[in-house]
Each structure stands twice: as C-alpha cells, then as structure tokens.
Amino acid sequence: MEAHGSGLRRVLLLSFCVAGIWAAYIYQGVLQETLSTKKFGEDGKRFEHLAFLNLAQNVICLVWSYIMIKLWSNGGSGGAPWWTYWSAGITNTIGPAMGIEALKYISYPAQVLAKSSKMIPVMLMGSLVYGIRYTLPEYLCTFLVAGGVSMFALLKTSSKTISKLAHPNAPLGYGLCFLNLAFDGFTNATQDSITARYPKTNAWDIMLGMNLWGTIYNMVYMFGLPHGSGFEAVQFCKTHPEAAWDILMYCLCGAVGQNFIFLTISRFGSLANTTITTTRKFVSIVVSSVLSGNPLSSKQWGCVSMVFGGLSYQIYLKWRKLQRMQKKKKA
C-alpha cells in the first residue's frame with residue numbers, strides 16, 4: 001500500500017508538471033504571437049520592438065530567481081560565481097532576440113517547427129567537427145525533422161496568415177530561426193561547462209546568472225546604443241496598456257514555466273522534460289491554428305506530423321539507451 005501511494009504521488013506530481021509546462025508555455029506562445037501580429041489601440045499600430053520582450057523576460061526572471069534563492073536556498077556555497085556567465089549571456093541574448101524577431105517574417109507555427117529542428121545543427125557539428133558517428137535510426141530522425149521543416153517552408157502560406165505578418169519574408173525568418181539554434185547550442189555547451197566546473201551550482205544559480213547578464217546586455221542594446229528602441233517600446237506600452245499587460249503576462253509565463261521545467265528535471269529527469277516540452281510545441285501549433293486564425297493546409301499538417309514523428313522517435317531512442325544503461329548498472 002505504501003508503494004502504491006508513493007507511485008500515485010509520482011503520477012500526480014508528473015501530471016502537475018505537465019499541466020504547468022503546457023499551460024505556461026502554450027499561453028506564452030499565444031501572447032508572443034499576439035504581440036507580433038496584433039494591431040493595438042484605435043491607431044492600429046503594431047508592437048515593432050519585439051527585442052524588448054527579451055529584456056522584460058530577463059528582468060522578471062532575474063527577480064524571480066533571486067526570490068527563489070532567498071526562499072529555498074540552504075545557504076550553501078560553491079556554486080558558479082556570477083561573472084562566469086558573461087559569455088553564455090551574450091549568446092543567450094542574441095539567440096532569443098533572433099528567434100522572436102523571426103515572427104515579423106514567418107508565422108508562429110513555422111517558427112515553432114524551425115526551432116524544433118535543434119538536432120540538425122547538433123548532429124552536423126558533431127559529425128563534421130568532432131567526428132562523432134551516429135546510428136541509422138538517429139539519421140532517420142534527422143531526415144524526418146529536416147524534411148518536414150523544409151517541405152513546410154516550401155509550401156505556400158495562406159494569404160490570411162501572410163496578411164498578419166509585419167514584414168513577410170520566409171528566407172529571412174527561417175534564417176533567423178536557425179541562427180537562434182546555433183547560438184542556443186553554444187549557450188547550452190557553456191552552461192554544461194560551468195556546471196561541470198562548479199558541481200554545486202543549482203538551477204536557480206544558473207537562472208540568476210544568465211538573466212543578470214541578459215538584463216545588462218539587453219539594457220545596453222535597447223537603451224544605450226544610438227539606434228536602440230527601448231524608449232519607443234516604453235512609450236508604446238504607456239499609450240497602449242493592453243500591450244503592456246500582454247508583455248507582463250508573457251514574462252510571468254516564462255518564469256513560471258522555468259519553475260516547472262526545473263521541477264520536472266529534478267524529479268523525473270531530462271528525458272521526461274524533453275517529452276513534455278516536445279508535445280507542448282505540437283499543441284502550441286494546434287492552438288495557434290485554431291485560436292489565432294493561422295489555417296494550415298493538409299500538406300502542412302503532414303509536414304508538422306513528420307517533424308514531431310522524428311522528434312518522438314528520437315525520444316524513444318533516448319529512452320531505450322537509458323534503459324540499457326540502467327540494466328548495465330544493475331548487472
């Protein structure tokens with residue numbers, strides 16, 4: 001009975017994590033699409049300063065992580081010092097800025113699909129630079145994802161979707177998404193290096209360090225450079241309170257979502273987190289198509305299925321590899 005109760009608690013906790021990640025990031029996706037396509041106020045102006053979202057997100061997550069450290073930290077030391085995140089902070093500032101800027105040129109479903117193909121640059125760099133050999137099933141996963149994204153990009157987008165974009169330009173939009181993936185790869189590698197050097201570093205330390213530098217860099221970019229648009233973004237929010245509210249909710253969704261991701265990884269591992277976030281992306285595309293009026297053709301849905309079929313197969317391969325490793329440890 002005790003084991004049964006423990007198992008039920010894990011199921012309930014996992015369900016709680018799934019609901020939290022899905023709710024936070026699906027709603028954040030809706031807000032992101034709204035801010036990039038909606039015309040606000042009686043003057044019908046668009047919010048053109050999408051880079052401001054990254055600054056606002058950094059500030060909210062910085063405050064959030066500081067509060068979490070004060071509430072839950074046991075006062076231990078040995079974590080990575082704040083200055084070690086300066087280089088990862090650069091790529092973590094540029095990468096998301098490119099990803100969100102892409103929404104001016106391509107639709108939200110297209111952006112989600114493009115950003116789901118993270119395995120492609122990872123495997124390409126691993127094979128060409130480090131000489132890593134991948135298995136045939138791994139190449140099959142990459143083929144499905146790359147093929148799905150490529151076919152989706154080549155298919156004609158509906159005129160209704162194009163009319164919502166600020167500056168329709170598919171090559172530029174997809175190019176920005178893939179640059180976003182490249183910068184994200186460097187960010188992740190740097191974070192792994194930091195945690196390897198400082199094993200006592202926890203998730204809140206990383207969140208604090210990354211968002212501290214992100215706030216500094218984005219403040220300089222938005223308010224310090226001659227062509228920075230920070231003051232224009234603030235003025236837009238003053239004259240369009242609805243946009244300011246959407247930005248605040250967007251940032252809070254990101255902070256809450258990170259909480260649930262950290263909880264999922266700590267209790268159930270990175271594989272469970274990958275599965276949850278991958279399925280969330282698929283649901284985000286469905287929600288965007290239904291609520292935001294981005295109709296996808298049957299061929300485009302086929303491309304979406306290809307991409308998430310490849311991602312699902314990749315998750316299955318990781319699960320099998322994890323099972324084999326656990327069997328070896330028991331033996």
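Entry 1: I started with K104, which forms a salt bridge with E48, the closest N and O atoms being 3.9 Å apart. I kept in mind that this is a predicted model. The cut-off for a salt bridge is 4 Å between the side-chain nitrogen and the carboxyl oxygen, so 3.9 Å still counts. I then placed the two residues: K104 is in the loop between helix 3 (86–101) and helix 4, while E48 is in the loop between strand 2 (45–46) and helix 2, so the pair ties together parts that are 56 residues apart in sequence.

Is K104 buried or exposed? I found K104 buried, at a relative accessible area of 10%. For E48 I noted 30%, which makes E48 partly exposed.

K104 also has a salt bridge with E101, and there the closest N and O atoms are 2.8 Å apart. Through shared partners, E48, E101 and K104 are joined into one network.

Entry 2: How many salt bridges does the structure hold? I have three on my page. One of them pairs E242 with K38, with 2.1 Å between the closest N and O atoms. E242 belongs to helix 11 (residues 241–268) and K38 to the loop between helix 1 (2–37) and strand 1 (39–40), so this pair ties together parts that are 204 residues apart in sequence. I looked up the accessibility of both: E242 is partly exposed at 43%, and K38 is partly exposed at 28%.

**Entry 3: helix 2, inside and out.** I went to N54, which is found in helix 2. N54 has 10% relative accessibility and therefore counts as buried, the limit being under 20%. Which residues does N54 touch, leaving aside its neighbours within four places in sequence? I listed P96, A97, I100 and N218.

Further along I stopped at Y66, also a residue of helix 2 (residues 51–72). Y66 has a relative accessible area of 47% and is partly exposed.

**Entry 4: helix 4 against helix 8.** Next I checked how helix 4 (residues 108–115) packs with helix 8 (residues 170–197): the angle is about 35° and the axes are 9 Å apart. The crossing is right-handed. On the helix 4 side I wrote down A110, Q111, A114 and K115; on the helix 8 side, Y174, C177, F178, N180 and L181 make the contact.

While in helix 8 I looked at N188, which has its place there. N188 counts as partly exposed, at 29% relative accessibility. From N188 back to P171 is 17 residues along the chain, and their C-alpha atoms are separated by 26 Å.

Entry 5: My last stop was M119, in helix 5 (residues 119–128). M119 counts as buried, with 8% relative accessibility. What does M119 contact, leaving aside its neighbours within four places in sequence? I found C141, T142, V145, G310, L311 and Q314.

Definitions and conventions: Residues are numbered from 1 along each chain as its sequence is written. This is a predicted model: local features need pLDDT of at least 70, side-chain atom pairs count only at pLDDT 80 or more; totals for chains, interfaces and linings use all residues. Side-chain values use heavy atoms; hydrogens and water are left out. Helices (H or I, at least four residues) and strands (E, at least two) are DSSP runs, numbered from the N terminus. Buried means under 20% relative accessible area, exposed over 50%, partly exposed in between (1.4 Å probe, protein chains only). Axes are lines fitted to C-alpha atoms, for helices over the stretch in contact, and angles run from 0 to 180 degrees between N-to-C directions. A crossing is left-handed if the near helix is turned anticlockwise from the far one by less than a right angle, and right-handed if clockwise. Contact means heavy atoms within 4.5 Å.
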